[in-house]
Structure formats: structure tokens, C-alpha cells
Amino acid sequence: LIVVFNNKGVIEFINHASEKFYGLSPDKCIGKQVFDFVHPTDLEETKSQFLNWEYSSKNNFHFENRNISASGEIWDTEWYVSIERTENSTIKITAIIRDITEQNKIYQELLVANKELLFQNRQQDKQRKILITSKQEVEESEARFRMLLSNMEAGVVVYAPDTSVIRHNMRVSEILGLSDEQIRGTKLIDPTWKFIKRDKSPLLLSEYPVNIILQTKNSIKNSIVGFLHPFRVGITWVKVNGYPVLCDSGEVKEVVISFIDYTKRIQVLEEKIATTLKL
């Protein structure tokens, strides 16, 4: 969805994707406030963001919220915002909005599946004192977890605390263009792994998503990272989510990283922003 609006939030232009996101044709959206389609729970935070940006020196921003259509359908959305400032202090805002509902759903499914597996393994470690911990049930849970990994559109890598790869699904190889042998057992210090930031500057080892999780023991969400293939020209952009799996002592037992191929979306986004700014 592409929306152009002023600093009051009044829509001046919108493309035909409004019929999917808002349930209204473009002509019925013109003149309405873009905030009319923001979910009430996220409305105050969204308005606060725009107010801050109006007085910021930056011209490009990124955030997430939920949109609600005229019929009440709710979408998880990701906004890329470009602000054009003129000499007479007027502001024109262009937002490219993407539906990430399914992406967030996949991430939550992975999170739930892994927590279920962790719970059952902990029960087994405690010698089956509380609930389901039979060998057959644990094996079935592990099988379900492996099946989920193999059928996900996202690449999934499970790291040990020393950042070596414990297991991964086939989607990792497909997205990064690396063989199983190049991935399995490697550590992030390995020269195969070369990552860059969104501005294409090198990503320091301490800034790698898995290292951030190991250092903070906190989850990360929707981090954009570029991957430089050792034998292939160009950048593979990925959107990364991850979380730590903690043992009873509170130490990190594993780190689960999931990511989707974001290369085409970055390319399209850059082309759209450039075209819009020219117009």
C-alpha cells in the first residue's frame, strides 16, 4: 500500500491496494485521515511517532503497527515512511505499508513450538515429576518441531552458546546460497559469514543478532541484515527474528534465529521511494 498524506494525516493520494488494506476504493480514502485506519490500541503511539518525526532532522523512518479496515479486519503492518520538507515548512509524507500478518504468525508458531519442546525436555530432565514426559511423547514433540522447521518459509538456525550451528532447515541453504556442509557446525567467527547493516556498512561481530541475544538474553524482532556471499555477487537481505532458550539456571542454552528473504522487497522499496521523491 502506498499512501501520501500531509502533516495532519489527511490522505492526498493512495493506490488501489487500499481495497485490500482498508476495504475502500482510493477515491473513498482521499480526504480521510490515515489514522482512521490505525488500530485503536496502536493509535496513540502512532500519532506520537509522527509528531516526533515532524520536528526531527531525519527524513526516513520505519515502524510497525496494526491497521484495521472499514469492515473490522485487522492487519499487522510494517511502515516505511519518507518525509519531504519544503522551504515554506510544509510537510508531505509518503508511506509504503506492507502486510506482515502471516510473517508474524509464522514467528509465533515457531516460538510456541520451541517452548513446547523446551517444556517437555525440562520435564524429562526433572525425571517426569509433573506432566507429560514419556519417551514417545517427547519423540512425537521433536518430530512435530522438525516438521514445522522443514515446512516453514523462513530460514531457521539454532545456535549453541559458542555460536556454532546445532541445526538448521533447508530454507537457510536456499536463502543464503550455502551448502549444508558450509553451514553445519560453523561459528560466526568463520569467514563465510559476512554481514552488513541497512546502510551497507560492515556489521560488527558484537552486533550480530545471535551475539546480541547471547549478551542481553532478550529477543530481537525484525532486524534487517545484509549477507555477502563469498562466491556470489550482490547482497542477500534478510529480516531476522530471534530469541534465547534459557536453562533452569538462567543461562542461554540455545539461540533460535529465523529469517526471511527480504532482498526483492528492499530493492522494490528503494525503487519506489526514489520514484516517489522524483515525482
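Start your tour by selecting N222: this residue is buried, with a relative accessible area of 8% (buried means under 20% relative accessible area, with a 1.4 Å probe and protein chains only). Before you click on, note that this is a predicted model, where local features need pLDDT of at least 70, side-chain atom pairs count only at pLDDT 80 or more, and totals for chains, interfaces and linings use all residues. Residues are numbered from 1 along each chain as its sequence is written, and side-chain values use heavy atoms, with hydrogens and water left out.

Stay with N222 for a moment. N222 sits in strand β9, residues 220-228 (strands are DSSP runs of E with at least two residues, helices are runs of H or I with at least four, and both are numbered from the N terminus). Which residues is N222 in contact with, leaving aside neighbours within four places in sequence? Show E64, Q103, K239, V240 and N241; contact means heavy atoms within 4.5 Å.

**Next stop: the hairpin**

Select residues 2-6 (β1) and 11-14 (β2), two antiparallel strands joined by three bridges. Two strands pair if DSSP finds at least two bridges between them. Look across from V3 and you will find I14 in β2. Four residues lie between the strands of this hairpin, and G9 in the turn has a positive phi of about 85°.

**Then: the sheet**

Now widen the view to an open sheet of five strands, in the order β2-β1-β5-β4-β3, with antiparallel pairing. Its edge strands, β2 and β3, each pair on one side only. From one strand to the next, the twist averages 25°. Nine bridges link β4 and β5; click on E84 and find its bridge partner in β5, K92. Helix α3 packs on the sheet and touches β1, β3, β4 and β5, its direction making about 160° with that of β3. Axes here are lines fitted to C-alpha atoms, for helices over the stretch in contact, and angles run from 0 to 180 degrees between N-to-C directions.

**Last stop: the cores**

Select V3, Y22, F50, W79 and V81, which have the most contacts inside the largest nonpolar core, a group of 23 residues. Such a core is a set of buried Ala, Val, Leu, Ile, Met, Phe, Trp, Tyr and Cys residues joined through side-chain atoms within 4.5 Å. Strand β5 gives the most to this core, with four residues. Zoom in on V81, and among the residues it touches you will see F50, W53, F61 and I93. To finish, find I175, L203, V238 and V240, which belong to a second, separate core of 22 residues.

Notes
Buried means under 20% relative accessible area, exposed over 50%, partly exposed in between (1.4 Å probe, protein chains only).
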